[in-house]
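Please read the points below beside the sequence and the model.

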Amino acid sequence: MSSEFNWEVRVYYEDTDAGGIVYYANYLKFFERARTEWLRAIGVGQHQLLQEQDAMFVVKSVSADYHAPAKLDDVLKLTLKIEKLGRASLVVVQEARTGGTLLNTARVKIGCVDSALRPRAVPDDVAARMRGFVL
């Protein structure tokens, strides 16, 4: 059974351009924060993961589709599901919505690496926690 992680963030003035619309690159920041909060929610502290298991997650690639603009003071509902969980990487699909309106969809490929930035397997205990979010 798959599950979806949800997290909300409000759009502040600093997130917008001169027209009061969320600057396109800020969706990547919102999605990064949501991934961090998701890891926390499943009991994975990124600093602790690096210190104790010599593992960290890095973004390899991202593609984003912009559907509608978010504006100052909107509350964005950010969602995350795992499209693919591999041995040393995962692909997540993230969405940003306000009300019932889909604003942005991103597909993010994330690799697991050690402190020397060499690919390594996602630690078994972490992978087990992630499995509940696979589509």
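What span should the 16 residues of helix α1 (residues 26–41) have at 1.5 Å a residue, and how far apart are its end C-alpha atoms?

1. Helix α1 should span 22 Å, and its end C-alpha atoms are 22 Å apart, which agrees; the expected span of a helix is 1.5 Å times one less than its number of residues. This is a predicted model, in which local features need pLDDT of at least 70 and side-chain atom pairs count only at pLDDT 80 or more, while totals for chains, interfaces and linings use all residues. Residues are numbered from 1 along each chain as its sequence is written, and side-chain values use heavy atoms, with hydrogens and water left out.

2. The secondary structure of the chain comes to three helices and five strands, where helices (H or I, at least four residues) and strands (E, at least two) are DSSP runs numbered from the N terminus. From the N terminus on, the order of these elements is β-α-α-β-β-β-β-α. The radius of gyration of the chain is 15 Å, close to the 14 Å that the globule rule gives for 135 residues, so the chain is as compact as a globular protein of that length; the radius is taken over C-alpha atoms, and the rule is 2.2 Å times the number of residues to the power 0.38.

3. Taken along the principal axes, the C-alpha atoms of the chain fill a box of roughly 45 × 35 × 25 Å. Of the contacts (heavy atoms within 4.5 Å) with a separation of 6 or more, 68% are accounted for by residues 24 or more positions apart. Buried residues make up 36% of the 135 residues in the chain, with buried meaning under 20% relative accessible area, exposed over 50%, and partly exposed in between (1.4 Å probe, protein chains only).

4. Returning to α1, its buried residues include Tyr27, Phe30, Phe31, Arg35 and Trp38. Arg35 has a relative accessible area of 8%, and, not counting residues up to four places away in sequence, Arg35 touches Val59, Leu80, Val92, Gln94, Val108 and Ile110. Just after α1, Gly43 takes a positive phi of about 85°.

5. Is Ala96 buried or exposed? Ala96, which lies in strand β4 (residues 89–98), is buried, with a relative accessible area of 0%. Leaving aside residues up to four places away in sequence, Ala96 touches Tyr27, Phe31, Lys77, Leu78, Thr101, Leu102, Leu103 and Asn104; Tyr27 and Phe31 are also among the buried residues of α1.

6. The loops deserve a separate look. Asp114, in the loop between β5 (101–113) and α3 (124–130), is buried at a relative accessible area of 8%, and, apart from its neighbours within four places in sequence, Asp114 is in contact with Asp54, Met56 and Arg120. Asp54 itself lies in the loop between α2 (46–53) and β2 (56–66), where Asp54 counts as partly exposed at 30% relative accessibility and has a positive phi of about 50° although it is not a glycine.

7. Phi of Asp73 is near 80°, a positive value in a residue other than glycine, and Asp73 is partly exposed, with a relative accessible area of 48%.
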